[in-house]
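I opened the notebook to go through side-chain contacts and surface patches. The entries follow the order in which I looked things up.

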Amino acid sequence: MSSDFETYEQDFGTITAEVTNKIGKIPKLSGEEKTQLVLNVDKQLEEVRELLEQMDLEVREIPIQSRAMYNSRLKSYKQEVEKLEKDFKRSRIAYSDEVRNELLGDDAISSESQRAHLLDNTERLERSSRRLEAGYQIAVETEQVGQEILANLHTDREKIQRARERLRETDANLGKSSRILTGMLRR
């Protein structure tokens with residue numbers, strides 16, 4: 001089992017080295033050559049993901065006592081692939097930034113200031129949104145507290161009404177017994 005995993009590791013190392021090399025070349029190329037290299041790197045990244053899946057399947061077949069070591073290696077390989085994918089994306093963007101700067105010339109500087117202004121506005125908007133959410137949360141909590149207070153007041157009102165009713169009954173009974181006692185004293 002572990003020999004299959006090690007074979008996959010060797011393939012992984014070879015392909016990731018090729019991908020790293022090609023990612024470094026992407027920003028320097030243009031046109032059809034760049035497109036072909038991007039497609040090739042994309043295909044190799046897909047192969048790497050498939051290798052990771054195979055390694056994951058192999059790790060599941062390994063006895064439990066050895067599995068932790070292989071799991072940690074697999075985890076580091078996954079992190080390496082994530083880094084490669086980010087680098088790949090950056091290399092493609094770096095090229096498009098160069099082309100944009102060449103095409104725009106001096107406008108690129110104002111574009112950068114517009115971008116900074118837009119990011120600043122976006123940040124302000126996010127802060128305002130967070131404040132609104134916090135205010136909304138406070139309003140919801142206040143409403144809940146108000147509902148609890150109203151429920152307590154309703155319960156207290158019912159208790160007071162029952163106590164008042166008992167007091168009236170007791171007062172009526174006292175009046176009745178007072179009349180009976182007065183009648184008995186007269187006899």
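Which side chain meets Glu 165 in a salt bridge? I found Arg 168, at 3.7 Å, N to O. I used this rule for a salt bridge: a side-chain nitrogen of Lys or Arg within 4 Å of a carboxyl oxygen of Asp or Glu.

Ground rules next. I am working on a predicted model, where local features need pLDDT of at least 70, side-chain atom pairs count only at pLDDT 80 or more, and totals for chains, interfaces and linings use all residues. Residues are numbered from 1 along each chain as its sequence is written, and side-chain values use heavy atoms, with hydrogens and water left out.

**Entry: salt bridges**

I got nine salt bridges by this rule. Glu 165 and Arg 168 are three residues apart in helix 4, so about one helical turn separates them. I took helices as DSSP runs (H or I, at least four residues), numbered from the N terminus. Glu 165 is partly exposed, with a relative accessible area of 38%. My classes were buried (under 20% relative accessible area), exposed (over 50%) and partly exposed in between, with a 1.4 Å probe and protein chains only.

I noted that salt bridges with shared partners join Glu 46, Arg 49 and Glu 85 into one network.

I then looked up Arg 124. Its salt bridge is with Asp 120, and the closest N and O atoms are 3.2 Å apart. Both sit in helix 4, four residues apart, so the separation is about one helical turn. Arg 124 is partly exposed at 41% relative accessibility. Asp 120 is also partly exposed, at 36%.

In helix 3 I checked Asp 87 and Lys 83, which are four residues apart, about one helical turn. Their side chains meet in a salt bridge at 3.0 Å, N to O. Asp 87 is partly exposed, at 22% relative accessible area.

**Entry: aromatic pairs**

I paired rings of Phe, Tyr and Trp (its six-membered ring) if their centres lie within 6.5 Å; planes under 30 degrees apart are stacked, over 60 edge-to-face, the rest tilted. The count comes to two aromatic pairs. Phe 5 and Tyr 70 are edge-to-face, because their ring centres are 4.9 Å apart and their planes are at 80°. This pair links distant parts of the chain: Phe 5 is in helix 1 (residues 2-25), Tyr 70 in helix 3 (residues 64-104), 65 residues apart. Phe 5 is buried at 0% relative accessibility. Tyr 70 is buried too, at 7%.

Phe 12 and Tyr 77 make a tilted pair, 4.8 Å centre to centre and 45° between the planes. Phe 12 lies in helix 1 and Tyr 77 in helix 3, so this pair ties together parts 65 residues apart in sequence. I logged both Phe 12 and Tyr 77 as buried.

**Entry: surface patches**

For patches I took residues with over 30% relative accessible area and no salt bridge, joining like charges within 9 Å and nonpolar side chains (Val, Leu, Ile, Met, Phe, Trp, Tyr) within 5 Å. Val 145, Ile 149, Leu 150 and Leu 153 make a nonpolar patch of about 390 Å². Leu 150 is in helix 4 (residues 107-186). I found Leu 150 exposed, at 57% relative accessible area.

Glu 18, Glu 47, Glu 50 and Glu 53 form a negative patch. Helix 2 (residues 31-61) gives the most to this patch, with three residues. Glu 47 lies in helix 2 and is partly exposed at 33% relative accessibility.

Note on methods
Accessible areas come from the Shrake-Rupley method with a 1.4 Å probe; for residues, only the protein chains shown count as cover. Helices (H or I, at least four residues) and strands (E, at least two) are DSSP runs, numbered from the N terminus. Lys and Arg count as positive and Asp and Glu as negative; His and the chain ends are not counted. The place of a charge is taken as NZ of Lys, CZ of Arg, CG of Asp or CD of Glu.
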